[in-house]
Amino acid sequence: MKKLLFVASLALISAFGFAQNNPKPSPATEVKAKLENGAEISIKYGQPSLKGRTPGKDVEPMLNKIWRAGANDATVFETSKDLKINGNTLPAGKYALFLLQKESGATVIFNKIWKQWGAFQYKEAEDALRVEAKLATNSESAEKLIYSISGNGMVQILWGNLNFGFTVE
């Protein structure tokens with residue numbers, strides 16, 4: 001019996017160690033910036049890879065459906081000060097960031113319930129702000145979902161050949 005417990009324990013420890021060495025398919029990633037107005041912003045998201053899939057066809061974002069703008073937990077947008085997002089006020093705090101892609105553009109949604117899995121519990125009544133994003137297509141495809149924040153406050157979301165953008169100040 002002791003040998004059986006020892007072998008089972010060893011197998012469990014080995015499996016746990018193997019799981020720790022395997023990278024997650026959509027690892028947690030964060031991008032940060034300090035804006036000219038002194039506000040510090042961060043965007044935390046799960047970073048999926050396309051793996052041969054096409055956004056809008058095989059993988060999100062799908063037209064007219066709320067997307068967590070990442071993988072796993074909802075993407076979290078945090079600011080240390082009140083901001084203007086495309087000219088609209090967003091109070092300091094933490095928000096879930098969602099995207100709603102439409103035929104000719106996209107809506108960026110800042111939702112008050114920042115701690116949630118995906119977009120499964122999303123409620124429009126909890127939105128703090130909705131702004132329109134610019135949507136462009138790139139000639140080159142981004143294999144991994146990438147967020148960037150430029151020094152002038154331009155936030156870009158690159159995924160496949162899609163490029164969503166909005167400004168923060």
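Mentor: Asn64 sits in the loop between β2 and β3. Please bear in mind that this is a predicted model.

Trainee: Why does Asn64 count as exposed?

Mentor: The relative accessibility of Asn64 is 55%. Exposed requires over 50%, so Asn64 at 55% counts as exposed.

Trainee: Which term applies to Ala69, buried or exposed?

Mentor: Ala69 also has a positive phi of about 60° and is not a glycine, and its place is the loop between β3 and β4. The relative accessible area of Ala69 is 0%. Buried means under 20%, therefore Ala69 is buried.

Trainee: What makes the peptide bond between Glu60 and Pro61 cis?

Mentor: The omega of that bond is about 10°, and most peptide bonds are trans. Pro61 belongs to the loop between β2 and β3.

Trainee: How many helices and strands does the protein chain have?

Mentor: There are 1 helix and 10 strands. Of the 169 residues, 40% count as buried.

Trainee: Why is the set containing Phe77, Ile85 and Phe110 called a nonpolar core?

Mentor: The name requires buried residues of the nonpolar kinds, such as Phe, Ile, Tyr and Val, joined through side-chain atoms within 4.5 Å. This set has 34 residues, and those with the most contacts inside it are Phe77, Ile85, Phe110, Tyr147, Phe166 and Val168. Elements giving two or more residues to this core include β1 (28–34), β9 (127–149) and β10 (154–167). Apart from this core lies another, of 6 residues, including Ala74 and Leu100.

Trainee: What is Phe110 in contact with, leaving aside its neighbours within four places in sequence?

Mentor: Its partners include Phe77, Ile85, Leu90, Leu129 and Phe166. Contact means heavy atoms within 4.5 Å.

Trainee: Which residues lie nearest the centre of the largest pocket?

Mentor: They are Ala28, Tyr45, Gly46, Asp73 and Ala74, out of 18 lining residues. The volume of this pocket is about 260 Å³. β4 gives the largest share of the lining, 6 residues.

Trainee: How many residues of that lining are nonpolar, polar and charged?

Mentor: The lining has 7 nonpolar, 6 polar and 5 charged residues. Gly counts as polar and Asp as charged, so Gly46 and Asp73, both near the centre among those lying nearest it, fall into those two classes.

Methods:
Residues numbered from 1 in each chain as written. Predicted model: local features only at pLDDT ≥ 70, side-chain atom pairs only at ≥ 80, totals over all residues. Heavy atoms only, no water. Helix = DSSP H or I, 4+ residues; strand = E, 2+ residues; numbered from the N terminus. Buried < 20%, exposed > 50% of the residue type's maximum accessible area, 1.4 Å probe, protein only. 1 Å grid on protein atoms, 1.4 Å probe; cavity = no way out; pocket = protein on both sides within 12 Å on 5 of 7 lines; lining within 4 Å. Points joined across faces, edges and corners; volume = space filled by probe spheres on them.
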